[in-house]
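Hi,

Here is the structure I promised to pass on. Have a look at it first, and then read my notes below.

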Amino acid sequence: MRRERWVNVGIFTAAAATVALALEKLGNILISDPRPFVTDNVTPLIAHAADNGFPSDHTLIAALLAAVVITNNRALGSAMFSIALAVGISRVAPHVHHQLDISGSLLLLPIAVAI
């Protein structure tokens with residue numbers, strides 16, 4: 001990739017990440033979803049603070065990186081979206097997120113990259 005293209009990708013990534021973080025903070029304020037181990041009386045498989053789980057930061061970051069890559073390499077970006085979904089599942093399975101938290105992250109993504 002030419003240097004100019006790399007600069008454009010870097011600017012796009014920084015802008016999309018900034019928007020994603022702002023949306024994540026806004027979503028966290030507007031939607032309260034206590035973590036499953038708090039509401040469902042289960043023990044989490046990994047230690048985590050008992051704070052608001054909406055949206056999933058891990059899923060949002062993984063999906064954002066996939067979205068950036070897919071603009072340059074469709075096959076690799078698609079594989080990365082699969083990994084982002086696996087990240088979401090890996091947050092639900094140990095009882096640190098609800099499915100709503102994962103879905104919320106994936107719904108914020110198109111807004112973040114539509115800049």
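Let's start with H95, which is partly exposed, with a relative accessible area of 30%. On that scale, buried means under 20% relative accessible area, exposed means over 50%, and partly exposed is in between (1.4 Å probe, protein chains only). H95 sits in the loop between helix 4 (74-92) and helix 5, and its phi is positive, near 70°, although H95 is a residue other than glycine.

A quick word on what you're looking at: this is a predicted model, where local features need pLDDT of at least 70 and side-chain atom pairs count only at pLDDT 80 or more, while totals for chains, interfaces and linings use all residues. Residues are numbered from 1 along each chain as its sequence is written, and side-chain values use heavy atoms, with hydrogens and water left out.

Now the overall picture. The protein chain has five helices and zero strands; helices (H or I, at least four residues) and strands (E, at least two) are DSSP runs, numbered from the N terminus. The C-alpha atoms fill a box of roughly 55 × 25 × 20 Å along the principal axes. Of the chain's 115 residues, 32% count as buried. Contact means heavy atoms within 4.5 Å, and among contacts with a separation of 6 or more, 70% come from residues 24 or more positions apart.

What holds the middle? Look for the largest nonpolar core, which has twelve residues in all, among them A16, L23, L60 and L108. A nonpolar core is a set of buried Ala, Val, Leu, Ile, Met, Phe, Trp, Tyr and Cys residues joined through side-chain atoms within 4.5 Å. Helix 1, helix 3 and helix 5 (99-113) each give two or more residues to this core, and helix 3 gives the most, with five.

Next, the charges. Side chains of opposite charge can pair when their charged atoms come close. How many salt bridges does the structure hold? There are two, a salt bridge being a side-chain nitrogen of Lys or Arg within 4 Å of a carboxyl oxygen of Asp or Glu. In one, D51 pairs with R35, and the closest N and O atoms are 2.7 Å apart. D51 lies in the loop between helix 2 (36-39) and helix 3 (57-70) and R35 in the loop between helix 1 (3-30) and helix 2, so this pair ties together parts that are 16 residues apart in sequence. R35 is buried at 6% relative accessible area, whereas D51 is partly exposed at 37%. In the other, K25 meets E24 at 3.5 Å, N to O, and E24 is buried at 5%.

S32 is in the loop between helix 1 and helix 2 and is exposed, at 65% relative accessibility. The C-alpha atoms of S32 and D51 are separated by 9.4 Å, with the two residues 19 apart along the chain.

Finally, two things in the loop between helix 2 and helix 3. P55 is found there, and a cis peptide bond joins F54 and P55, with omega about -20°. N41 lies in that loop too; N41 is exposed at 75% and has a positive phi of about 55° although it is not a glycine.

Happy exploring!
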